[in-house]
Amino acid sequence: MLFPSVIPFTTRPLNSTEKKAVLRPFLRWVGGKQRLLPSLLERIPKDFKGTYYEPFLGGGSMFLANGFKNAQLSDLNPHLINAYNMVREKHEEIHVLLTKHQIQIELRERAYYYEQRLLFNEIGDSKGSDQAARFIFLIHANFNGMFRVNLKGHYNVPFGKAKPSIPSLERLSELSQLLKHTKAGIQTHGYDSILHRVEEGDFVYLDPPYPILSRTAKFTSYTIERFSEDEQRKLAWFATQLHNKGAKVMISIAGVDLVHKLYPKRIWHYFTTELQRNVSAKRPAIMATELILTNYEP
């Protein structure tokens, strides 16, 4: 039996009740799901009682909006995971360091940003509060909250803001408490590493990097590896395996032709809308089709 091919929906802002219940992300993050969040929340499986998995963590909008009691959070970006762990364990220290960065960039602007970018690349994957705060600062001060590295693994996003808005101490404290008081594991690994752990009845939310939007507009990688067409095919196979294991799966992804080919409508419910996307510091924003796919009836 085929589901209705594509069901359009209209995005909306969070209402006042939802705003009080939702913890906002502490990071600007390209591809973040704040504008799509109410539409995602409306489609969470009603009978979900297992473990929640979010293996493309990014800004963490879905987890922060729900505070799932039993959650496994992961991402391939070690800087991102270090930031989450340091906020959980040392949120006050992180805020002090961020405040110092904010003061300096308002005084020295571009020069300070590029100085810290160079230092960030020299230190590399080192863990700890200093590098975590530097990472958070760079994401807030750069162009569009983008994290991108070149083939050498060096972060290379250009300067964006001389007056970045850093997360408040209150927000960092709330996030720290949430991460400490839930059974949230936060790890650095690829999405496919969760396959052997997911069980029937678990809920998995996948928010992968965008596939190619057009011949001239591409999202470059958040890690050294490019999320290519082959990776999109592997992800679709992975999602099918989750489905076969009896997990509830939700995917937010660009509505390009490749996606329609990879996710058969005998398995997936399709919901579609149009959102504006900034794909480059050198190119104007474009309108892109966004899909929400579920293997269950929301």
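## Overview

Of the 298 residues in the protein, 53% are buried (buried means under 20% relative accessible area, exposed over 50%, partly exposed in between, with a 1.4 Å probe and protein chains only). The model is predicted: local features need pLDDT of at least 70, side-chain atom pairs count only at pLDDT 80 or more, and totals for chains, interfaces and linings use all residues. Residues are numbered from 1 along each chain as its sequence is written, and side-chain values use heavy atoms, with hydrogens and water left out.

The secondary structure comprises 9 helices and 8 strands; helices (H or I, at least four residues) and strands (E, at least two) are DSSP runs numbered from the N terminus. Among contacts with a separation of 6 or more, 74% join residues 24 or more positions apart (contact means heavy atoms within 4.5 Å).

## Nonpolar cores

The largest nonpolar core has 63 residues. A nonpolar core is a set of buried Ala, Val, Leu, Ile, Met, Phe, Trp, Tyr and Cys residues joined through side-chain atoms within 4.5 Å. Helix 4 gives the most to this core, with 10 residues. Y52, F63 and F135 have the most contacts inside the core. Leaving out residues up to four places away in sequence, F135 touches L27, W29, H79, L80, A83, F120 and F147.

A second, separate core has 29 residues, including Y210, L235, A236 and L291. In soluble globular proteins, nonpolar side chains tend to be buried together.

## Helix 4 against helix 6

Helix 4 (residues 78-108) packs on helix 6 (residues 129-141) at an angle of about 65 degrees, with the axes 6 Å apart. Axes are lines fitted to C-alpha atoms, for helices over the stretch in contact, and angles run from 0 to 180 degrees between N-to-C directions. Helix 4 is therefore roughly perpendicular to helix 6; angles under 35 degrees count as roughly parallel, over 145 as roughly antiparallel, 65 to 115 as roughly perpendicular and the rest as oblique.

The crossing of helix 4 and helix 6 is right-handed. A crossing is left-handed if the near helix is turned anticlockwise from the far one by less than a right angle, and right-handed if clockwise. The contact of helix 4 with helix 6 has 14 nonpolar, 5 polar and 4 charged residues. Ala, Val, Leu, Ile, Met, Phe, Trp, Tyr, Cys and Pro count as nonpolar, Asp, Glu, Lys and Arg as charged, and the others, Gly among them, as polar.

Helix 4 and helix 5 (residues 110-123) pack at about 145 degrees, with axes 10 Å apart, in a right-handed crossing. Helix 4 contributes H79, H101, Q104, I105 and R108, and helix 5 contributes residues including R110, Y112, Y113 and F120. This contact divides into 5 nonpolar, 4 polar and 3 charged residues.

Helix 4 and helix 7 (residues 169-181) pack at about 165 degrees, with axes 8 Å apart, so helix 4 is roughly antiparallel to helix 7. Their crossing is left-handed. Among the residues in contact are Y84, V87, R88 and L98 of helix 4 and L169, L172, L175 and K180 of helix 7. By class, the contact of helix 4 with helix 7 has 8 nonpolar, 4 polar and 4 charged residues.

## Loop residues with positive phi

E109 lies in the loop between helix 4 and helix 5. Phi of E109 is near 50 degrees, a positive value in a residue other than glycine. E109 is partly exposed, with a relative accessible area of 39%.

N144 lies in the loop between helix 6 and helix 7. Phi of N144, also a residue other than glycine, is positive, near 70 degrees. N144 has a relative accessible area of 22% and is partly exposed.
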